[in-house]
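The sequence and structure are shown below.

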Amino acid sequence: MFTTLKNAFKIKEIRNKILFTFAMLVVIRIGSQLPTPGIDSSVIGQLFSQAEGAFGFFDAITGGSFVNMSILALNITPYITSSIIMQLLTIAIPKLEEMQRDGEDGRKKIASITRYVTIALALIQSTAMSVGFGRQGLLAGYLTMTTGQRALSIVTAVATLTAGSAFLMWVGERITEKGIGNGISIVLVINIISRLPQDIGNLFEMFVVTKFNEGAPASGLLAAVIIFAIIIGMVVLVIILNDGVRRIPVQYANKVQGRKMVGGQTSNIPLKVNTAGVIPVIFAQSILQTPLIISQFVGVSETGVWSEILRYMNSNLWCNPSQPKYSIGLLVYIVLIIFFAYFYTSITFNPLMIADNMKKQGGFIPGIRPGKPTSDYLNKMLNYIVFVGAVGLTIIAVIPYIFSGVFKASVSFGGTSLIIIVSVVLETMKQVESQMLVRNYKGFLEK
């Protein structure tokens, strides 16, 4: 990886793209520190510290800007949600599916619709947050304001948060166009990485420095080795899941076209082990944590049936040895991950369409008849592969909660965050290598 970066900096065109991407990331980090007008940051910080289980995930993917309630508090979460919604609607609505097949023009139209949906979602989320904060007195002086002043305060906060989300969407698209890698993914990764120094420092303080102060240096060193081994092990598992592929061989029959004999080629259908990527984990976390966040905004009593249900959704209690009954929430989380792994794969991979295309082109899987038998075989293999990927994804997603519940150590680079970081870094490095390869080919052709 470092060799690739070193060689990339030697090429002016790629170096400029990397520097442009870096400059955009600096702008994002500066924006993450600018406060939203009218927000009482001290009260906000106190609220979030009391409800870490609800806001921990969103704080991680926004790089702390959500808890700080900066102008980029919503970050790119509305865009991610909008993209997922559009991807699902493309499968369900024939007109959108046809639009996607229209090539570049169709994709531009879908991208334009995605932007409008992003703004709408950002507007809804910022309005809900501003109204919820105002009712709890988290907007500075809100409770002593007149009705007109309250409305102005809410409108200001809504406009600021919505504009911040739209700005990040624009930055992500500019990075994709003029920089390196997928812009939205790069923004997401830099947000997560920005929390790493703080989390590693907390782990070092909790497990190493404390042991040394207690006169047990051996225990401190052992704790450091265990922490390092767990992190490395999770990274390796993520890489295996990300690159794991089952290749289904495909043979194309010989056929006559004019006076020539064509065909007879051998190809394959690559089935990724982790077909759905990080989507199942994001869906599962969103379903379980959204009610917690809404309850924090509207203010729910700490007693009653609904309050008890919310405790089962609180990830901080899932692996708490003193309250084992809340581990049911962890089981629900695991079931949701596996369910969404199968669900998302089923709507993005169509074995029947692939079997039909193979049949039209004269292709077949050795030992399997074309048509429905091929579709059934692909579906069967896909179910096996998705199960393996879902189990691996579940292990990576659950380890941080076990670590947090047993050792009381909360980190932002575990589970979902780690999958995103590793996947985006690998994909970005592949893109850099491909651009270097294309440039070499261009240079060869020019000579």
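Among the contacts in the protein chain with a separation of 6 or more, 71% join residues 24 or more positions apart. The model is predicted. Its secondary structure comprises 18 helices and five strands. Of the 447 residues in the protein chain, 42% are buried. The chain exposes about 23700 Å², and 64% of this area is supplied by carbon and sulfur atoms.

**The pairing of α6 and α15**

Helix α6 spans residues 77-92 and helix α15 spans residues 327-348. Their axes lie 10 Å apart, and the two helices pack at an angle of about 55°. The handedness of the crossing of α6 and α15 is left-handed.

On the α6 side, the contact is formed by Gln87, Leu88 and Ile91; these residues meet Phe343, Tyr344, Ile347 and Thr348 of α15. Classified by residue type, the contact of α6 with α15 contains five nonpolar and two polar residues, and no charged ones.

**Two residues in their surroundings**

Asn75 is located in the loop between α5 (65-68) and α6, whereas Gln431 belongs to helix α18, which covers residues 416-446. The table sets out the relative accessibility of each residue.

| Residue | Relative accessible area | Class |
|---|---|---|
| Asn75 | 0% | buried |
| Gln431 | 25% | partly exposed |

Why does Asn75 count as buried? The relative accessibility of Asn75 is 0%, and the class of buried residues takes in values under 20%. Beyond its neighbours within four places in sequence, Asn75 is in contact with Ile61, Thr62 and Ser65, as well as with Ser165, Leu168, Val187 and Asn191.

Gln431 has a relative accessible area of 25% and is therefore partly exposed, a class that lies between the limits of 20% and 50%. Which residues does Gln431 touch, not counting those up to four places away in sequence? They are Gly181 and Asn182. The C-alpha atom of Gln431 is also separated by 7.6 Å from that of Ile180, although these two residues are 251 residues apart along the chain.

Conventions: Residues are numbered from 1 along each chain as its sequence is written. This is a predicted model: local features need pLDDT of at least 70, side-chain atom pairs count only at pLDDT 80 or more; totals for chains, interfaces and linings use all residues. Side-chain values use heavy atoms; hydrogens and water are left out. Axes are lines fitted to C-alpha atoms, for helices over the stretch in contact, and angles run from 0 to 180 degrees between N-to-C directions. Helices (H or I, at least four residues) and strands (E, at least two) are DSSP runs, numbered from the N terminus. A crossing is left-handed if the near helix is turned anticlockwise from the far one by less than a right angle, and right-handed if clockwise. Contact means heavy atoms within 4.5 Å. Ala, Val, Leu, Ile, Met, Phe, Trp, Tyr, Cys and Pro count as nonpolar, Asp, Glu, Lys and Arg as charged, and the others, Gly among them, as polar. Buried means under 20% relative accessible area, exposed over 50%, partly exposed in between (1.4 Å probe, protein chains only). Accessible areas come from the Shrake-Rupley method with a 1.4 Å probe; for residues, only the protein chains shown count as cover.
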